[in-house]
Amino acid sequence: MSLRIGLIGAGIMGADHARVFAEEVPGTALQVICDADRKRARAAADSTGALDVTDDPLAVVNSSKVDAVVIAAPDPFHAPLALACIAAGKPVLCEKPLSQDVAKCLAVLAAEEKCGRRLVQVGFMRRFDPSYMEIRSLLVRGDLGKALVFHCFHRNVSPAYDFRAEMAICNSAPHEFDVARWMLDSEIRTVSVCRPRAGGDTAPVLMMLETEAGQLVNVEVNISASYGYDVRGELVGEKGTAVLRAPVHADINLGLKQINTYPADWRPRFVEAYARQNRAWVKSVNTGNPNHGASAWDGYCSTAVAAAGVEALHSGKPAKVELTAKPPFYA
Ligand SMILES: NC(=O)c1ccc[n+]([C@@H]2O[C@H](COP(=O)([O-])OP(=O)(O)OC[C@H]3O[C@@H](n4cnc5c(N)ncnc54)[C@H](O)[C@@H]3O)[C@@H](O)[C@H]2O)c1
């Protein structure tokens, strides 16, 4: 029996999830694709063989033909739809962030704990990227010694219409916050934020995070990098360092130059991560065993770091990350 999936949101990310399930995840059937714009849902369904389309997200969640739900609608819909999935007892892969609002993340945690089953996985797919995974394995084996510093760069070609510093912190940077917590195995304690005075509205946001274990993470989120989509990172340990590598399929030597190419967005860079994430999620849904993906607790923590980041942006001073006690349910 295939796992019947209902997908909500068929924009850039949702259409890509549909492609991933259709091409890369055996044992699944795209039962229904939903988008507020029905034409988008239809286009994604036509290119992936999904059986049905709708513009009603709650009809997807409550359909008796849907076993599990993927949420790829815009950020404000994540928490309400995740809550609807929990109420319906359906596993959900929810795109990041779980919510930009800490209180809404806490509501999801409370609902999940009350229902007594871990139903929510948040789409922090970098945990499934081969390059991040390899660096984490080096740390776990002790090859690099203790982790000291993690340098992170997150660059987009150009900003979406409403992207300014706060969105860079609340929508883009949670990827960095989550992967740093996962990589360093420690919660983030404080956040400092600054921006170059020479830049305008879309200038890079620089953050310095300190973890409970005393490591430092420096993050550049540059939503207006122009040259390409580029995610870089270097982990500095006591005995050596490890550098992330984007997938490269050919070295191009041309006209007395060696040429590097960059993708226009995140999909080619993380193509393998999305596929591995979605396969792991389906396996977890089928077996009931969690994978190393992000739980609702992880979603909450990255949003709490973002909230401290926004506070630090406005105050110009380091802000403390306020976390509630971790419920044993998420141990
Ligand atoms: N994991 C990642 O690497 C990654 C990358 C990009 C985006 N995202 C996340 O994915 C989500 C979608 O981003 P996107 O770039 O695809 O945006 P998008 O604007 O391209 O697509 C959003 C789609 O949702 C539809 N929509 C809006 N309200 C809806 C509703 N109530 N019900 C159903 N559909 C609705 C819109 O019509 C649109 O087609 C965002 O939350 C974003 O943070 C994650």
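In the predicted model, the cover over the buried residues of helix 5 includes helix 4 (78-87), strand 6 (120-122) and helix 11 (296-315). Helix 5 itself runs over residues 102-115. Its 14 residues reach 20 Å from the first C-alpha to the last, close to the 20 Å expected at 1.5 Å a residue. The buried residues of helix 5 are Cys105, Val108, Leu109 and Glu112. Viewed down the helix axis, these buried residues fall within an arc of 100°, so they line one face of helix 5. An α-helix has 3.6 residues a turn, so residues three or four places apart point the same way. Ala103 and Lys114 are exposed and sit on the face of helix 5 turned away from its buried side. Just after helix 5, Gly116 adopts a positive phi of about 80°.

The protein is divided into two parts, domain 1 (3-126 + 273-294) and domain 2 (130-266 + 303-320). A distance of 26 Å separates the C-alpha centres of domain 1 and domain 2. Contact between the domains involves 11 residues of domain 1 and 10 residues of domain 2. On the side of domain 1 that touches domain 2, six residues are nonpolar, two are polar and three are charged.

Met125 is located in the loop between strand 6 and helix 6 (130-141). With 27 other C-beta atoms within 10 Å, against a threshold of 20 or more for burial, Met125 is buried. Apart from neighbours within four places in sequence, Met125 is in contact with Phe270, Ala273, Tyr274 and Gln277. The C-alpha atom of Met125 is also separated by 8.3 Å from that of Arg276, although these two residues are 151 residues apart along the chain.

Conventions: Residues numbered from 1 in each chain as written. Predicted model: local features only at pLDDT ≥ 70, side-chain atom pairs only at ≥ 80, totals over all residues. Helix = DSSP H or I, 4+ residues; strand = E, 2+ residues; numbered from the N terminus. Expected span 1.5 Å × (residues − 1). Buried ≥ 20, exposed ≤ 12 C-beta atoms within 10 Å, placed from the backbone. Arc of directions from axis to C-beta. Contact = placed C-beta atoms within 7 Å. Domains from an automatic or database assignment. Nonpolar A, V, L, I, M, F, W, Y, C, P; charged D, E, K, R; others polar.
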